[in-house]
Amino acid sequence: MLDIDHFKTVNDTYGHAVGDQVLVELSGLLRSSLRSADSLTRWGGEEFIILCPGTTLPTAIVLAERLRGIVDGATFTTVGDVKISLGVAECQSGEDWQQWFTRADAALYKAKANGRNQVQFAPETFAGDPESPSADLIQLSWRQAYASGDKSIDREHQGLFSIANALLCAILSGNPSDDIKRIIHVLVGELTAHFKNEETVIAAAGFPGLEEHQDLHRLILKKADQLLQEFAADTAEIGAIFQFLAHDVVARHMLVADYEFFPYLVRPPQSQSPDRFSKLSETVQ
């Protein structure tokens, strides 16, 4: 389930005719980005439903993040930028469509409440154990205070948050190892592409710590490759993967090391200076 962020502002500022054009453009963009088996339906107002048959929750999260990134990077006629929030839910055995959609709507509400322009998912009890904690307890949440001011870097950071959540969800839900390997490969590929782009941006901005930052990128990719090999050999521990995602990639890199080059970029206006360290506890929910 997805919703256009601040769509009322579009209608109020440009008029309903332009708002309708945004809906048409968004529909076309989404349809061209979906798989052949997927279907897109307007649910009402600025909300849409995407049905993805035969798709696991982690894969759907990755797909949702890809759609969010495509829309985030697009330019719409008249209004320019358009953002969307998405809530993802997998239909459970014995669940009717109303219960299923209610969970998706709750995930969408969470995406809105957490700052919009992001993907959230409705957790399920994993591994078939009703005593198991919900995967929702360890979702990594993007906060606007983490924004660097560079659109491409921020878009990629948000994407990494969503893919990391998809990986955690797949592991804790007991998904087949092939599914998990596929998501790990996606994560490593996205990390590699992101680091390359980030290095280009901060080099152009004149960041003096570029070489040290490149060294950190290489260390993270080396550790990611090591975890991938350990998982393939069935020796990787869930704790090690979570440590890598939450600590090495998010807390240590995105919220500490990356913050060093933020002053060299154009930061978005803030009502007050964001205290990234006070937000660390909010990152992992």
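Start with H7: its buried residues (under 20% relative accessible area, 1.4 Å probe, protein chains only) are Leu 210, His 213, Leu 216, His 217, Ile 220, Ala 224, Leu 227, Leu 228 and Phe 231. Keep in mind that this is a predicted model, where local features need pLDDT of at least 70 and side-chain atom pairs count only at pLDDT 80 or more. Residues are numbered from 1 along each chain as its sequence is written.

**Helix H7**
- Helices here are DSSP runs of H or I with at least four residues, and strands are runs of E with at least two, numbered from the N terminus.
- The cover over H7's buried residues includes helix H6 (177-204) and helix H8 (238-257).
- Just after H7, Asp 234 has a positive phi of about 65°.

**Helix H8**
- With 20 residues, H8 would reach 28 Å if straight, but its end C-alpha atoms are only 25 Å apart.
- H8 has a kink of about 30° centred on Val 250, taking the bend as the angle between axes fitted to the seven residues ending there and the seven starting there.
- Val 250 is itself buried, and so are other H8 residues, including Phe 244, Asp 248 and His 253.

**The sheet**
- Five strands form an open sheet in the order S2-S3-S1-S4-S5, with mixed pairing (at least two DSSP bridges between paired strands).
- Strands S2 (39-44) and S5 (119-121) are at the edges with a single partner each, so one side of each lacks a neighbour in the sheet.
- S1 (residues 2-4) and S4 (residues 84-88) run antiparallel, joined by 3 bridges, and Asp 3 sits opposite Ser 85 in S4.

How values were computed. Heavy atoms only, no water. Buried < 20%, exposed > 50% of the residue type's maximum accessible area, 1.4 Å probe, protein only. Contact = heavy atoms within 4.5 Å. Expected span 1.5 Å × (residues − 1).
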